[in-house]
Amino acid sequence: MRVSRLYIPQALAQGLVITLEEDSAHYVRAVLRLKQKDAIVLFNGDGHDYLSVLSEVSRKHVKVEIGQFNARHTESTLNVVVGLGISRGDRMDMVVQKAVELGVYKITPLQTERCVVQLNAEKQQQRRCHWQKIVQHASEQCGRAVLPELGDVGSLANWLSAQLGLKVFLDPYAETVLNSLQPITNTVTLLSGPEGGFTGQERELAKAAGFIPVRLGKRILRTETAALAALAAVQTLWGDFGGG
């Protein structure tokens with residue numbers, strides 16, 4: 001029988017009894033429908049799973065007794081950093097979710113000139129909180145014990161100047177292909193545009209920052225397809241899809 005996993009952003013230790021916060025308690029009661037004495041796995045991003053038991057499940061409280069902990073080795077040896085032009089609604093949600101499953105190390109949502117969605121400061125914070133929950137739930141589902149980092153919504157220019165490793169941006173009109181490149185370190189940085197792609201000025205900014213334009217096959221991919229295909233490709237070439 002599969003035991004449910006739940007992310008808890010607090011210190012965990014064997015023998016400790018904790019009371020879940022309301023959101024997590026509601027999830028255990030109403031979504032997972034777990035009962036007292038049921039097993040549950042907790043993790044807090046420290047790389048361990050804590051096999052635990054529900055000691056109380058009621059309308060007022062959900063309490064968990066923390067049990068044995070084990071290291072969980074699910075992280076890729078390749079650090080894949082993704083700068084992601086913000087796309088609309090479900091498309092962005094899907095990319096964030098699947099990027100976690102594909103082993104992304106860090107995701108930063110980027111405001112670019114052709115983003116259909118332009119977010120003010122308040123909306124940026126709301127969307128970031130929404131995407132953070134997607135990161136947490138995707139990590140619960142796919143077995144990751146270390147949460148990928150979700151950066152603040154940023155501008156393309158500021159993000160470009162801070163990146164390291166092999167730096168590529170996805171461009172359907174480029175001549176270079178991924179397997180002609182080789183990372184020198186264990187970091188690969190991918191830049192993927194929004195629905196409308198990058199402007200000419202943004203392309204030049206990326207190249208000036210050391211990003212190499214790369215195409216993925218002979219077809220033009222939708223924004224959500226391109227980012228995920230690139231992630232899978234670099235994990236196959238240099239990451240844990242190839243056994244690393």
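To how many salt bridges does the count come? The count comes to 13 salt bridges, a salt bridge being a side-chain nitrogen of Lys or Arg within 4 Å of a carboxyl oxygen of Asp or Glu. Side chains of opposite charge can pair when their charged atoms come close.

This is a predicted model, in which local features need pLDDT of at least 70 and side-chain atom pairs count only at pLDDT 80 or more, while totals for chains, interfaces and linings use all residues. Residues are numbered from 1 along each chain as its sequence is written, and side-chain values use heavy atoms, with hydrogens and water left out.

Select arginine 72 and aspartate 49. Their closest N and O atoms are 2.9 Å apart in a salt bridge. This pair links distant parts of the chain, 23 residues apart: arginine 72 is in the loop between β6 (69-71) and β7 (79-85), and aspartate 49 is in strand β4 (residues 48-57). Strands (E, at least two residues) and helices (H or I, at least four) are DSSP runs, numbered from the N terminus. Aspartate 49 is buried at 10% relative accessible area, whereas arginine 72 is partly exposed at 33%; buried means under 20%, exposed over 50% and partly exposed in between (1.4 Å probe, protein chains only).

Next, select arginine 91, in helix α2 (residues 89-101), and glutamate 195, in the loop between β12 (187-192) and α5 (200-208). Their salt bridge has its closest N and O atoms 3.5 Å apart.

Finally, select phenylalanine 241, in the segment after α6 (223-238).
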